[in-house]
Amino acid sequence: MLTRMKVPGADPRRCPTCGDPLTFEILDDERFLVAWSCVNCGLIRTTEPV
Ligand SMILES: [Zn+2]
């Protein structure tokens with residue numbers, strides 16, 4: 001059975017500032033480094049496993 005991790009209240013695919021859906025760009029395939037950017041307000045955030 002598959003279980004998906006869910007973060008309550010914070011959708012990582014949505015802009016925390018304006019709530020618009022973020023577009024993502026894969027920076028490093030092997031490290032799973034992804035840059036999320038908001039086309040509305042210009043916010044950019046990167047995610048990488050710690
Ligand atoms: Zn935004």
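1. Pairing of β1 and β2. Strand β1 (residues 23-28) and strand β2 (residues 33-37) pair in the antiparallel sense, over five bridges. Strands here are DSSP runs (E, at least two residues), numbered from the N terminus. Two strands pair if DSSP finds at least two bridges between them. T23 stands opposite S37 in β2.

2. Basis of the model. This is a predicted model: local features need pLDDT of at least 70, side-chain atom pairs count only at pLDDT 80 or more, and totals for chains, interfaces and linings use all residues. Residues are numbered from 1 along each chain as its sequence is written.

3. Confidence. pLDDT is the predictor's confidence in each residue, from 0 to 100. The protein chain averages 82. At least 70 is reached by 72% of the residues. In the protein chain, β1 has the highest confidence, at 92. The lowest is in strand β3 (residues 44-47), at a mean of 88.

4. Overall layout. The protein chain has three strands and zero helices; a helix would be a DSSP run of H or I with at least four residues. Along the sequence the pattern reads β-β-β.

5. The sheet. The three strands form an open sheet in the order β1-β2-β3, with antiparallel pairing. β1 and β3 are the edge strands, and each pairs on one side only. Neighbouring strands of this sheet are turned by 25° against each other on average, direction ignored. For such angles, axes are lines fitted to C-alpha atoms, for helices over the stretch in contact, and angles run from 0 to 180 degrees between N-to-C directions.

6. First turn. β1 and β2 form a hairpin with four residues between them. F32 is found in this loop between β1 and β2. Check its backbone: phi of F32 is near 60°, a positive value in a residue other than glycine. Is F32 buried or exposed? F32 counts as exposed because it has 11 C-beta neighbours inside 10 Å. The cut-offs are 20 or more other C-beta atoms within 10 Å for buried, 12 or fewer for exposed, and partly exposed in between, with C-beta atoms placed from the backbone.

7. In β3, I44 is the bridge partner of S37. A35 stands opposite T46 in β3.

8. A35. This residue lies in strand β2. A35 has 16 C-beta neighbours inside 10 Å, so it counts as partly exposed. Which residues does A35 touch, not counting those up to four places away in sequence? They are F24, E25, L27, I44 and T46. Contact means C-beta atoms, placed from the backbone, within 7 Å. L22 is 13 residues from A35 along the chain, and their C-alpha atoms are separated by 9.5 Å.

9. In the protein chain, buried residues make up 2% of the 50 residues. Consider the contacts between residues at least 6 apart in sequence: 14% of them join residues at least 24 apart.

Methods. Contact = placed C-beta atoms within 7 Å.
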